[in-house]
Amino acid sequence: MVRNFYITGDETRNIMVEIERIRTYVERLDEHIEGGIPKGSVSLICGMPGCMKSSLAYSILYHNAINEGRHGLYITLEQSISDLKQHMASLNMETETENLMIVDYNIIEEEAKSDMRFETNWMKRVKNYVEDMKKRDERLELVVIDSLNALYSLTMVTNPRKEIYYLFKGLKDIGVTSFLVSEMAPDEKKFSRYGVEEFIADAIIHLDLARKEGPIPELERYLCVVKMRSTHHDLQYFPLMYEGNHFVIYTKKELEL
Ligand SMILES: Nc1ncnc2c1ncn2[C@@H]1O[C@H](COP(=O)(O)OP(=O)(O)OP(=O)(O)O)[C@@H](O)[C@H]1O
Ligand SMILES: [Mg+2]
């Protein structure tokens, strides 16, 4: 477990702030973000189609489950459970892992039907679902919603800033660390659908695909921590690879060797 301590306050009053961190298990990344992502935070994992947003989100839950026994919940609203499992298996990650539960639209819909609150708004439905899961399993720590865009398409978002604020706040109040997948159109500058999510989120992990020119141009993968509150972090776009069963970033130092 990674913990950082900070001293804040004025000359008369020092307050010790302790930050527990969740490791990403992206090789070399954690050492560039003070050991991991602050526990209890809400992070956006964003990027264009195929940049491995779902794979990164799943790999954070998977490696935390198998290495530290942290309980995770992966909500897939984009892909079916079987498609998601097939993809993760092709990346050498197990999909029947104890401590890691995958649920989809149908499971949440069924749960909502039997809920006294009978909530029809999907933003609230998903928040209620996570809350119920946390009540059933108090060890639940990590939650992925894949994707925010799919969630928005299930409901009428009339006041994005307010509704998104309450979703993010709700997840924090439940006490989980969340990773929200956010789709970006190629050449899009905003990290999210409404452009407000990046201001409300505590962290933004941007996955990018850039064209490398040459006789045969090819796309290269990059990862950048654009924002992470309470964290000194690098702003480099690190080259990103998937090796074996995990992600690896390369720093300038490694590339010069
Ligand atoms: N071993 C592998 N098996 C399958 N796909 C792989 C493998 N290694 C890399 N990939 C890449 O993973 C990509 C899909 O990853 P993932 O589904 O996580 O992306 P995504 O950003 O979530 O995509 P989308 O925007 O469609 O949801 C494929 O386009 C492929 O380039
Ligand atoms: Mg995806």
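Guide: Ile108, Glu111 and Ala112 in H3 meet Arg125, Val126, Tyr129 and Asp132 in H4; two residues are in contact if their C-beta atoms, placed from the backbone, lie within 7 Å. The model is predicted, so local features need pLDDT of at least 70 and side-chain atom pairs pLDDT 80 or more, while totals for chains, interfaces and linings use all residues. Residues are numbered from 1 along each chain as its sequence is written, and chains are lettered from A and ligands numbered from 1 in the order in which they are written.

Visitor: What classes of residue make up the contact of H3 with H4?
Guide: The contact of H3 with H4 has four nonpolar, no polar and three charged residues. Ala, Val, Leu, Ile, Met, Phe, Trp, Tyr, Cys and Pro count as nonpolar, Asp, Glu, Lys and Arg as charged, and the others, Gly among them, as polar.

Visitor: Why are H3 and H4 called roughly perpendicular?
Guide: The axes of H3 (residues 105-113) and H4 (residues 122-136) come within 10 Å and cross at roughly 80 degrees. Angles under 35 degrees count as roughly parallel, over 145 as roughly antiparallel, 65 to 115 as roughly perpendicular and the rest as oblique. H3 and H4 are therefore roughly perpendicular to each other. Axes here are lines fitted to C-alpha atoms, for helices over the stretch in contact, and angles run from 0 to 180 degrees between N-to-C directions. Helices (H or I, at least four residues) and strands (E, at least two) are DSSP runs, numbered from the N terminus.

Visitor: What makes H4 and H6 roughly parallel?
Guide: The axes of H4 and H6 (residues 160-174) come within 10 Å and cross at roughly 0 degrees, so the two helices are roughly parallel to each other. On the H4 side the contact is made by Met123, Lys127, Val130, Glu131 and Lys134, and on the H6 side by Glu163, Leu167, Gly170, Leu171 and Ile174. By class, the contact of H4 with H6 divides into five nonpolar, one polar and four charged residues.

Visitor: Why is Thr120 called exposed?
Guide: Thr120 has 10 other C-beta atoms within 10 Å. A residue is buried if 20 or more other C-beta atoms lie within 10 Å of its own, exposed if 12 or fewer, and partly exposed in between, with C-beta atoms placed from the backbone. Thr120 is therefore exposed. The place of Thr120 is in the loop between H3 and H4.

Visitor: How do you know whether Val144 is buried or exposed?
Guide: Val144 has 25 C-beta neighbours inside 10 Å, so Val144 counts as buried. Val144 lies in strand E7 (residues 140-146). Setting aside neighbours within four places in sequence, Val144 is in contact with Ala57, Leu61, Tyr74, Ile75, Phe179 and Val181. The C-alpha atoms of Val144 and Phe179 are separated by 4.7 Å, though the two are 35 residues apart along the chain.

Visitor: What makes a set of residues a nonpolar core?
Guide: A nonpolar core is a set of buried Ala, Val, Leu, Ile, Met, Phe, Trp, Tyr and Cys residues joined through C-beta atoms within 7 Å. The largest one here has 62 residues, and those with the most contacts inside it are Ile45, Leu61, Val144 and Ile145. H1 gives the most to this core, with seven residues. In soluble globular proteins, nonpolar side chains tend to be buried together.

Visitor: Which residues are closest to ligand 1?
Guide: Gly50, Lys53, Ser54, Ser55 and Ser90 are the closest of the 14 residues that surround ligand 1; a residue is near a molecule or strand if its C-beta atom, placed from the backbone, lies within 6 Å of it. The largest share of the shell, three residues, comes from H1. The shell around ligand 1 has five nonpolar, six polar and three charged residues.
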